[in-house]
Amino acid sequence: MPAQSFSAAGATVLILFLKVQTSVPAPLNGSKWTYGGDDGEKAWPKSFPSCGGMFQSPIDFHSDILQYDSTLSSLVLEGYNISSNEEFSLTNNGHSVKLELPANMYIKGLGPKYRATEIHLHWGNQNNPHGSEHTVEGKHFAAELHIVHYNSDKYPDISTAKDKSEGLAVLAVLIEIGSFNPSFDKIFSHLQDVKYKDQKVKIPSFNIQDLLPPNLDEYYRYQGSLTTPPCFPTVLWTVFRNPVQISQEQLLALETALYCTHIDDPSPLEMINNFRRVQKFDERLVRVSFHQEQDFSYAGLSMGVILSVAIAGVLGVSVILALSIWLLRRKKSSKKEENKGVIYKPAVKKEADINP
């Protein structure tokens, strides 16, 4: 079925789904949810109906659902380079660390103009540092960063937009372990100041675009949902294809610095594994702005295995070639030996021929 048909069908179903959802009483603001335990993911739909509905995120990007779309254009980021004279608010909201963004940050190139409101992160734990929400061919990354925007052309604020069609747009950055990242450290160096729930601190501003990969032209695009309750299916996702790197020490700081509980809580709870599991992708397509290439490492083959297979192949061809040459030479040698054993005798004329 063509991508256009999927998009049209998906949009129709989404509109109907949202109309149904608005008839369901919204949960109280005090509804409790966590990533594990009794109030974990399996329990979310009880208090937040959308979490058990369609168009849920995150998802796994695998070749069967990817389709190249030449119409996907480059993103235009406006106001991301914040003046160093300004300040950001960094908060521990009990589920993640959140950076509140100023009002003059926008994405253009998505149709409507989307205004940025916050940045937050998702991660695993120090024993299992695979905390990204989206995956590629089943592969988890170390962590994931989200920049949340709302449709400022249609709605006055994010609270109004979050449960509306075309309400939200999120930029997602996959994070892997590698070299030290000075831009991410402008957040991580202040984690100790927001160690417990509801703690907040002002930090110096910086260029938010430095948190993104250099190449913004390659990305996955699909219609999905918030990955936390209330899970409204109103998010246009842009997940960048190329990950960014942070150091092992930086990741460890993120995995060990924060708590989900207040400072005076007698049972402190570490803020770890704050990522939602991959959701079912209901016969939709993910549009991609790049031509997909086969990546054997995502298919479970390490470079060592690939190199071993290549070397074995070369050796195999070499052995066959050497054997063929040896057989050819042996065949020629055998013919020479046969020729050596042949005795040539001069022809003897018959007497009749001599005396006619």
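Good morning, colleagues. By the distance rule applied here, the count comes to one disulfide. Please bear in mind that the model before you is predicted. The partners are C51 and C231, with their sulfur atoms 2.1 Å apart. The two cysteines lie in distant parts of the chain, 180 residues apart: C51 sits in the loop between α2 (44-47) and β1 (60-61), and C231 in the loop between β12 (219-224) and β13 (235-240). Their link is right-handed, with 80° about the S-S bond. Both C51 and C231 are buried.

I turn now to the interior. In soluble globular proteins, nonpolar side chains tend to be buried together. Here, the largest nonpolar core holds 48 residues, and L99 and I208 touch the most other members. Strand β7 (residues 114-123) supplies the largest share of this core, namely five residues. A second, separate core has 25 residues, among them F61, L168, V239 and F281.

Which residues does L99 contact beyond its neighbours within four places in sequence? They are F88, S89, L90, T117, E118, I119, I187, I203, F206 and I208.

Finally, the strands. Strand β4 (residues 87-92) runs antiparallel to strand β5 (residues 97-100), and four bridges join them. Within this pair, K98 in β5 stands opposite T91. The hairpin of β4 and β5 has four residues between its strands, and G94 there takes a positive phi near 90°. Strand β5 also pairs with β7, again in the antiparallel sense, over three bridges. On that side, K98 has H120 of β7 as its bridge partner. Thank you for your attention.

How values were computed. Residues numbered from 1 in each chain as written. Predicted model: local features only at pLDDT ≥ 70, side-chain atom pairs only at ≥ 80, totals over all residues. Heavy atoms only, no water. Core = buried A, V, L, I, M, F, W, Y, C linked by side-chain atoms within 4.5 Å. Buried < 20%, exposed > 50% of the residue type's maximum accessible area, 1.4 Å probe, protein only. Contact = heavy atoms within 4.5 Å. Pairing = 2+ DSSP bridges. Disulfide = S-S within 2.5 Å.
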